[in-house]
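Please keep the sequence and the structure in view while reading.

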Amino acid sequence: MGIGTGVGVVLEGVSASVAALGALDREDHFLAAGSGVGADVDELQRRYELRLERLEAVSRVEAQLAAVKARDAAEAVEIQQALLAPDAPVDERMFSEMSTVEEIAGVLTVSSAAAGALVEQSRRVCSLPPMMAALSAGDLSWQHARIVADETEGLTPDGAAALVAHFFDPDAPNPARGAAPGELVPARFRAKVRAWRERHHPETLEKRHAKGVADRRMEYTPDRDGMAWLSLYLPGDTACASWNRTTATARGLQGPNEPRTLTQLRPDIAASLLLGAGTTTATGEAAPGGAARATGDTAAAGSVSGTGSTGDVGKVPTPRADVLVTVPVFALLGLTDEPAVLDGLGPIPASMARRLVADGAESFYRVLVDPRDGAPLEIGRTRYRLPETIKQWIRMRDGKCTFPGCSNHTPDNHTDHLTAWEHGGRTAVRNLAQLCPKHHRLKHARTWTPDPATNNGPPGWTSPTGRHYNPEHQDPEPTHWPQWPMPAAATPGGDPGPEHPQWEPDDDTFIDLNDLSPEDPLWADFYTTPFAPFPDRVGAGQ
């Protein structure tokens, strides 16, 4: 890292931000005193806007000070190490760092563990100059920086640099699209960073998932007021199935005579299933063996539910119901192990996606992606219902409620007209977006105005005070091509030769896809060809 003097530059930015805060405060005092207020100025509205501007300025100062704190924490340890003799033994260097961490803990009045974590995170942040520059400028929070520090753990230095370049360098190959990192709430930023990491991690997701499965467990933690926490660490599809099953059942139980909220119903249903007690289905009928299932329209398309009864302890049931899986064609065919994406969860191993397709989904929505750039191509379906297909496309494109900062991706989300039907809005992909019930109501109650959407991008939003919030875009990438071996007879002596990659046969009957332009009509023919990854299952819900 090198001991530097960059703090002075950051402090200059802090001074400028504090000066801006002072100017906002003086304007507020003038307004409160009635000094210099013109007849055309709405005093209360302007004072409201000043509060928002001050909050924004304070947030910038906090980020800049966090950069100073991170640099000082990392350099304090580095300076202590520099004070030692070059040939100092390992234990002396260890005690030197330990002592410094304890000093930092005392200065900040935090625990030793918290100080140690701060030092480690600060080292990672300071080792990634583009992100440190953004933090020093106040363009993102310390929480965002910690996310990058967490998600780069386990990556090689080159891998960590590539991750940071993707999100912070607009000139990087295939940079992140849509809202900048600091414009995303931390949870959404973490989801994007983690998705990139899963795709580019040096160890395949298949191997890491196998290790995670071996560590599955249940944990019980007593809490106050006679309550306790019960948590499960499970494979993602099983956890998603459990969550959606209890949600669908809870939604079906709600009604005018049910006083419990959806949040209260979920744990009641889960406890009833675990304890083997009889519960009720979404239609109110008793379910044998403690099993529960939502029926009718309560299980919305896109949910993953479980089958079987609670008596089947030895075998976890395969999720069965509507599921949206974005999967590369070659991964679905088993030719590559590129991760797929399960709606509501994120990246999953290709083997899990193939199992969901082959064994789990009776009403399966398969989202195929273009192998050239990773963009979605089409949504497969077992029945033709155009409105439902549009709804699934919007759900795949948006991933969640499109309102700024919202992470709600439940089936309860509404497919809303951005320009109302009565105002000439069309029922088309560019005029539709996901909104959760809360933000759907807010859109119609206050002047939160959405931008137009695009076929592959959700809308941005403008607040009542005129602030614009850029949309969160997904970051598709070209898919992995399979490494098909070339026949040995392709060239004399069995050498495939340097002109062709291994998967490309040297035969005039084959077309080199790299020679085709994106506008070539052969692409359209290719993508309209019926696709059957599991021929023996055609007619059985695939």
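Is Lys400 buried or exposed? Lys400 is buried, because its relative accessible area is 5%, where buried means under 20% relative accessible area, exposed over 50%, and partly exposed in between (1.4 Å probe, protein chains only). The structure is a predicted model, in which local features need pLDDT of at least 70 and side-chain atom pairs count only at pLDDT 80 or more, while totals for chains, interfaces and linings use all residues. Residues are numbered from 1 along each chain as its sequence is written, and side-chain values use heavy atoms, with hydrogens and water left out.

**The surroundings of Lys400**

Lys400 belongs to the loop between helix 14 (386-398) and strand 10 (414-417). Helices (H or I, at least four residues) and strands (E, at least two) are DSSP runs, numbered from the N terminus. The side chain of Lys400 reaches the backbone oxygen of Cys406 at 2.7 Å. Not counting residues up to four places away in sequence, the residues that Lys400 touches include Arg188, Cys406 and Glu472; contact means heavy atoms within 4.5 Å.

**Salt bridges**

How many salt bridges does a search of the whole structure find? The search finds 28, a salt bridge being a side-chain nitrogen of Lys or Arg within 4 Å of a carboxyl oxygen of Asp or Glu. Three of them are listed here.

| Asp25 | Arg54 | 3.6 Å |

In the remaining pair of the table, Glu53 is partly exposed at 23% relative accessibility, whereas Arg46 is buried at 19%.

**Cysteines**

A disulfide is a covalent bond between the sulfur atoms of two cysteines. With a disulfide taken as a pair of cysteine sulfur atoms within 2.5 Å, the count comes to zero. For Cys406, the nearest cysteine sulfur is that of Cys401, 3.7 Å away, and Cys406 is in no disulfide. Cys406 is buried, with a relative accessible area of 10%. Cys436 is likewise in no disulfide, the nearest cysteine sulfur, that of Cys401, being 3.8 Å away. Cys436 is also buried, at 3% relative accessibility.

Note on methods. A polar contact is a pair of N or O atoms within 3.5 Å; within protein, one must be able to donate a hydrogen and the other to accept it, and residues adjacent in sequence count only if both atoms are side-chain atoms.
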